[in-house]
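Subject: Structure for your review

Dear colleague,

Please find below the structure I promised to hand over, followed by my notes on what was found in it. I would be glad if you could read the notes with the structure open beside them.

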Amino acid sequence: MSLEPFDGVKNILISDCIVDENNLYQMRQQYKPEIISAIKTSLENGKLFQPIAVTLSEDKEHYIIVDGTHRFKAASELGWKEIQATYLNEDEAKQWGLTANILRNDYNAVEKSNALVKLKEKLKIENDKDLAALVGLDPSTTSKYIKINSLPNFIKENAVKVDYFSYQKLYALAKDKSLTEREKILKFDRMIEEYDETTGKKKHKPRAKKNEQSQEQGLKNIFALLDNAIPNLKDNIDSYLNNFVVDDEYKAKIVARYKRINSEYAGLKKLIEEMNASENVENEASN
């Protein structure tokens, strides 16, 4: 039997309702067990929540949930047979669902970005300022969310699973014109590696020990002195050879000795830098 639209608030069968899995009206991609659990506790204690919002599916066999999926899942898990709902027509559902997604605090940056872009397209809004006025956001913030939508799909699909990625982090990545799409994905991978699932924050990296820091600084100081000294040595050698040495064979020996010193220094510097880089990689891998 086909379902019908209705006015006002009405109790509808939970079995008649389906989640908007295809994101026709809302952009939520992750449902949080902790929120469902908290709502279940509140419902068991008699707390009332606002009715869910629904619209009819195309075949009119189900009510699609436009807003209130966490409430619906909590009531369903409690074994409720019915739930209070309000009905929205197609146009109302499109605007209601997307606007609700944008304003909810528990939606992450990617979900809000998707909702803003979809709302902008559906309502044929030409600029971000008008869109911001419609949803009640700051124009600058709205534009940043819109920019996030330009990120590669790989980043958006994975960022939606992790609360660590605020819109500021994703916007900074999206607006970086110096990076190719591939480089943005690689940078995102490094950000994922830095994420600590236990704390929900960036992993803490222990500071280098004081003696390690002083050793590294000591090497930098030595290299700085030698970098200045070796060119000066060449200038002094050239002046000496041009002004005081006549024997070409002797000149050649002096020049060859200088080149050997310069080459050995360059090789030593490169070797130490490679050893330091290798040690840093090993330290990061062990952290």
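Cys-17 stands opposite Tyr-63 in S4, in a model that, please keep in mind, is predicted. The two strands concerned, S2 and S4, pair in the parallel sense over two bridges. They belong to an open sheet of five strands, in which the order is S1-S5-S3-S4-S2 and the pairing is mixed. S1 and S2 stand at the edges with a single partner strand each, so one side of each has no neighbour in the sheet.

On the pairing of S4 with S3, the sense is antiparallel and there are four bridges, with Val-54 standing opposite Ile-65 in S4. These two strands form a hairpin that has six residues between them, and Lys-60, in the turn, has a positive phi of about 65°. S3 is also joined to S5 by three bridges, and here the strands run parallel; the bridge partner of Ala-53 in S5 is Thr-86.

Helix H2 packs on this sheet, where it touches S2, S3, S4 and S5, and its direction makes about 125° with that of S4. Which residues of H2 (residues 69-77) are buried? They are Thr-69, His-70, Arg-71, Phe-72, Ala-74 and Ala-75, and what covers them includes helix H1 (33-44) as well as the strands S2 (17-18), S3 (52-56), S4 (63-67) and S5 (82-87). H2 is followed by Gly-79, whose phi is positive, near 85°. As for S4, five of its five residues are buried, so this strand is largely enclosed by the rest of the structure.

Turning to the aromatic residues, a search of the whole structure finds three aromatic pairs. In one of them, the rings of Phe-6 and Tyr-87 have their centres 5.7 Å apart and their planes at 55°, so the pair counts as tilted. Because Phe-6 lies in the segment before strand S1 (9-13) and Tyr-87 in strand S5, this pair ties together parts that are 81 residues apart in sequence. Both Phe-6 and Tyr-87 are buried. Another pair is formed by Phe-154 and Phe-188, whose ring centres are 6.4 Å apart and whose planes stand at 85°, so the pair is edge-to-face. This pair, too, links distant parts of the chain, with Phe-154 in helix H7 (residues 153-159) and Phe-188 in helix H9 (residues 181-194), 34 residues apart. Phe-154 is partly exposed, with a relative accessible area of 37%, whereas Phe-188, at 1% relative accessibility, counts as buried. Tyr-63, the residue opposite Cys-17, forms one aromatic cluster together with Phe-6 and Tyr-87.

With best wishes

Technical notes
Residues numbered from 1 in each chain as written. Predicted model: local features only at pLDDT ≥ 70, side-chain atom pairs only at ≥ 80, totals over all residues. Heavy atoms only, no water. Buried < 20%, exposed > 50% of the residue type's maximum accessible area, 1.4 Å probe, protein only. Contact = heavy atoms within 4.5 Å. Phe/Tyr/Trp six-rings, centres within 6.5 Å; stacked < 30°, edge-to-face > 60°. Pairing = 2+ DSSP bridges. Axes fitted to C-alpha atoms, helices over the stretch in contact; angles between N-to-C directions.
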